[in-house]
Amino acid sequence: MALPTYASPLERAWYYTYLVICGLVFLFLIAPILVVIPLSFNAEPYFTFTPKMLDFDPEGYSLRWYDTLLTLGHPTPDAPRDASWWSAVWERATWVQAAKNSFWVGLWATILATTLGTIAALGLSRPEMPYRRLIMALLISPMIVPIIIIAVGMSFFFAKACVAPDSAMGLIFGFFLSEKGCLANSHLGVIVAHAVLGIPFVIITVTATLSGFDQSLIRAAHSLGANPRTTFFKVIMPLILPGIISGALFAFVTSFDEVVAVLFIAGPDQQTIPRQMFNGIREAISPAILAVATILVVISVLLLATVELLRRRSDRLRGVTGR
C-alpha cells in the first residue's frame, strides 16, 4: 500500500524504516536457503565456498551432486546412458526410490487428509454444531503437540493395530500392510500418520474459506429442490475449492517433509526423501543432500505460489477486494 500524499515527514520516515526492518527480517529468514542453493553446484565435496566458486570460475561449479542422485545405488553408474540405464535408475537408484516413496505416501496421505479435513470443516462451520471450540482444538492439536510425542504415541498404537491376513481388512489393505499385517513398519501406517499431521492444515484453510460463505445459497438451493449431495457439489464445492486445494497442498508438503514420524513408524522399505537425507547426514555426509534440498526448495516455492494464486481466486469469488 502506497503512502497517501498528505503523509507527514515523520510518517514517511517510519514507513521506509518499517520496510527496511521487514526486508532485514526476510533476509535473515531466507539467508540459509540462499546459501544452500549455490553450494549444491560445488565441484568439490565440501559444504563451504571454494576459492574458485568465490572467483566465479566455471571449474568451481558442477552438476556432479545432482548426477549422484541418479547414480547412487545404480548397478552400473558408468555405463552408457541408454534406455536400460534409465530403467535401472528408476528401479534401483537410492534417491529415486526415496522420491517415489515420498510421492506415493504424500499423495495418499493428502487424499485422506483432504477428505477428512473437509468433512470436519463443513461440520464445524455449522452454527448448531455443539462443542465446536473443543472439537476444533482437538482436531488441530497435531499442529501444537510436539511431533516427537505424536510419533511415539503412534508407534505404540500401530504396533498393536494388527489385522489378520485372511480377514476382509487384510485382503483390502494387504498391499499396504507389513508382512505381519500390522500398521507399524508398513506403508499404510506411514500414510495414516502423515494424514493425521496434514488434517489440521486442511481444516484451517477450508474453515477460513467457509467464514465468508453465504449460507443463504444453501437455503436457495434447497428451495429449488436440490438434495444435499447436489447442493454440495454444485453450490458449496465450487466456492470452497480454492481452500480445499490450498489445504491439500499444505498437507502434501507436510507429508513430503516429515521425518520424525517416519523414523518411529516406517520400516526399511519405507525410505522417504527426508529419511534418506537424515541417514545421509548421519552416515556419510555428501553435498548430494544440498542438491536434494535445492530441489525441495524449488518445489516448495512453486506450491506456495500456487497457494497464493488460489487464495486470490477465493477472495475474488467471495467478493473480497483490496488484498
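Helices (H or I, at least four residues) and strands (E, at least two) are DSSP runs, numbered from the N terminus. With that in hand, let us walk through the structure. This is a predicted model, in which local features need pLDDT of at least 70, side-chain atom pairs count only at pLDDT 80 or more, and totals for chains, interfaces and linings use all residues. Residues are numbered from 1 along each chain as its sequence is written, and side-chain values use heavy atoms, with hydrogens and water left out.

Start with the whole chain. The protein chain has 14 helices and zero strands. Of its 323 residues, 36% count as buried, where buried means under 20% relative accessible area, exposed means over 50%, and partly exposed lies in between (1.4 Å probe, protein chains only). A contact here means heavy atoms within 4.5 Å. Among contacts between residues at least 6 apart in sequence, 58% join residues at least 24 apart.

The unreviewed UniProt entry carries the annotation "transmembrane region" for residues 15–41, 103–122, 134–159, 188–210, 231–253 and 284–310. UniProt positions are given in the numbering used here, feature names are shortened, and annotations may be inferred rather than shown by experiment. In the model, the span 15–41 is 93% helix and 0% strand, and its end C-alpha atoms lie 39 Å apart. For residues 134–159 the end C-alpha atoms are 29 Å apart, with 73% helix and 0% strand.

Now look at the loops. Most residues other than glycine have a negative phi. F56, in the loop between α2 (51–54) and α3 (64–71), has a positive phi near 55 degrees. F56 is exposed, with a relative accessible area of 70%. Y131 sits in the loop between α5 (94–124) and α6 (132–139), and its phi is positive too, at about 55 degrees. Y131 is also exposed, at 65% relative accessibility.

Helix α3 is worth a stop of its own. Its buried residues are W65, Y66, T68, L69 and T71. Just after α3 comes G73, with a positive phi of about 90 degrees.

Next, consider how helices meet. Two packed helices are described by the angle between their axes and the distance between the axes. Axes are lines fitted to C-alpha atoms, for helices over the stretch in contact, and angles run from 0 to 180 degrees between N-to-C directions. Angles under 35 degrees count as roughly parallel, over 145 as roughly antiparallel, 65 to 115 as roughly perpendicular and the rest as oblique.

The axes of α4 (residues 83–92) and α5 come within 6 Å and cross at roughly 55 degrees, so α4 and α5 are oblique to each other. Here V89, W90, E91 and R92 of α4 meet T94, V96, Q97 and K100 of α5. By class, this contact has three nonpolar, two polar and three charged residues. Ala, Val, Leu, Ile, Met, Phe, Trp, Tyr, Cys and Pro count as nonpolar, Asp, Glu, Lys and Arg as charged, and the others, Gly among them, as polar.

Finally, turn to α9 (residues 187–210) and α11 (residues 228–257), whose axes come within 8 Å and cross at roughly 155 degrees. The two helices are therefore roughly antiparallel to each other. On the α9 side, the residues in contact include H194, L197 and F201, and on the α11 side they include L239, G243 and F250. The contact of α9 with α11 has eleven nonpolar, nine polar and no charged residues.
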